[in-house]
Amino acid sequence: FVIHDEHMIGKDLAKAEFGFILRLFFRIGCERHRNVVHGRILHQSSVCRELWGKNASNRSGSIVSPHVHNVKRFRCRILRKCALFCRKSAKSSHLFRHNRAKLECFVSYDTISREWPEIKKERFKYVELGRNKTLMMIFFNSSLRTRLSTQKAAINLGMNVMVLDINQGAWKLETERGVIMDGDKPEHILEAIPVMGCYCDIIGVRSFARFEDRDFDYQETIINQFIQYSGRPVFSMEAATRHPLQSFADLITIEEYKKTARPKVVMTWAPHPRPLPQAVPNSFAEWMNATDYEFVITHPEGYELDPKFVGNARVEYDQMKAFEGADFIYAKNWAAYTGDNYGQILSTDRNWTVGDRQMAVTNNAYFMHCLPVRRNMIVTDDVIESPQSIVIPEAANREISATVVLKRLLENLP
């Protein structure tokens, strides 16, 4: 997700206020008078703040001085968390005293807790906000819900929308530097990206993990190239390691359907005939860890996720034990992450397929999946067609999550 506004940069940074529940860690690099900003968002249940320097504000929703190098550790209850990638082009590099700095900001939960219900109730309320603004959606991989929900969100906000499918009707793009381009890729992404930026105001990028090189994938090479070279705010429509729009929609859905303040949420691995990226489970785990829900991850041995995403979740290798008393079951396949097995299928054991046997030990749990779903591999027909299946409302909330994010972007455009 992106927050993008001139007054957020430089000496007025301490006074800037946002409507998201955020805790931002920004890494800012000045390169040829361009400032690259990216980091992560952690949403919080209460206003917390650390103050540095004489420029730091002590108001609720404030941002601290931009000249901080070491961010102090703190403890607080966090409600939401997602990935953020953002680029800000600046006209002058004097906005920053140092080439690299870390920033931290906090904003009240109250604003965002009112925002998505408001959007859901009146989706065209901010239709004038995006007038004469253009969203460019760039797809390196196929999409149904992401494409339709994000385009619908842009329409809700009055935006123009352009969609580009890389490798389908466009030149194939080389993505690595130093390559002798004597193959089937006639254009380099480093020329294509700034051209794309010339035609729009906001860019959304969808680019999956390739499973060829874990470092390439987990450094988010593709989306970071857009961040660095487009000159536009960039948001993820699913990258190699995270899918924040999906996780935001998942969280909205759980908030709508939960029957207790602290539900038990279980994310379970399930078999699939193809190796799938870890982006959705990574992102879901990251967001769930940031709530006060009871969160459990269950999978066969060998399918451990990156520890930074697992966080404080309880990992249980016995699926039936993990399901006991669960209020929500979130099923998803992912390929192996660890060691030489990265991107590999280690198991197709259909005993992990979510069926009546597993659901019987839950607390009449709701079933969730990001879709598309392989029936009778991930989940049985009976479960996904049951009254406890909320996969369709979950998918519908993709429009809401995308609308909230695009609204925030538009509000902070110059």
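Q: Is glutamate 385 buried or exposed, and what is its relative accessible area?
A: Glutamate 385 is exposed, with a relative accessible area of 53%. In general, buried means under 20% relative accessible area, exposed means over 50%, and partly exposed lies in between (1.4 Å probe, protein chains only). Before we go on, note that this is a predicted model: local features need pLDDT of at least 70, side-chain atom pairs count only at pLDDT 80 or more, and totals for chains, interfaces and linings use all residues. Residues are numbered from 1 along each chain as its sequence is written, and side-chain values use heavy atoms, with hydrogens and water left out.

Q: Which residue forms a salt bridge with glutamate 385?
A: The general idea is that a side-chain nitrogen of Lys or Arg lies within 4 Å of a carboxyl oxygen of Asp or Glu. Here the partner is arginine 375, and the closest N and O atoms are 2.5 Å apart. Arginine 375 lies in the loop between E15 and H11, while glutamate 385 lies in the loop between H11 and H12, so the pair ties together parts that are ten residues apart in sequence.

Q: How many salt bridges does a search of the whole structure find?
A: The search finds 17. One of them joins the side chains of lysine 120 and glutamate 256, at 2.6 Å from N to O. That pair links distant parts of the chain, with lysine 120 in helix H1 and glutamate 256 in helix H6 (residues 244–257), 136 residues apart. Glutamate 399 forms another with lysine 152, where the closest N and O atoms are 3.1 Å apart. Glutamate 399 belongs to helix H12 (residues 391–411) and lysine 152 to helix H2, so parts 247 residues apart in sequence are tied together. Glutamate 399 counts as buried at 11% relative accessibility, whereas lysine 152 is partly exposed at 30%.

Q: What is the order of the strands in the open sheet?
A: First the terms: helices (H or I, at least four residues) and strands (E, at least two) are DSSP runs, numbered from the N terminus. Two strands pair if DSSP finds at least two bridges between them. In this sheet the four strands follow the order E6-E5-E9-E10, with parallel pairing. Strands E6 (160–165) and E10 (234–236) stand at the edges with a single partner strand each, so one side of each has no neighbour in the sheet. Six bridges join E5 (residues 134–139) to E6, and methionine 137 stands opposite valine 163 in E6.

Q: Which strands does helix H2 touch?
A: Contact means heavy atoms within 4.5 Å. Helix H2 (residues 145–156) packs on the sheet and touches E5, E6, strand E9 (202–206) and E10. Helix H5 (residues 221–229) lies across E5, E9 and E10. Seven of the nine residues of H5 are buried, so H5 is largely enclosed by the rest of the structure.

Q: What is the phi of asparagine 132?
A: Most residues other than glycine have a negative phi, and most peptide bonds are trans. Asparagine 132 has a positive phi, near 65°, and is exposed, with a relative accessible area of 66%. Glutamate 220 also has a positive phi, of about 50°, although it is not a glycine. Glutamate 220 is buried, with a relative accessible area of 6%.

Q: Where is the cis peptide bond that involves proline 372?
A: It runs from leucine 371 to proline 372, with omega near 0°. Proline 372 lies in the loop between strand E15 (366–368) and helix H11 (381–384).

How values were computed:
Axes fitted to C-alpha atoms, helices over the stretch in contact; angles between N-to-C directions.
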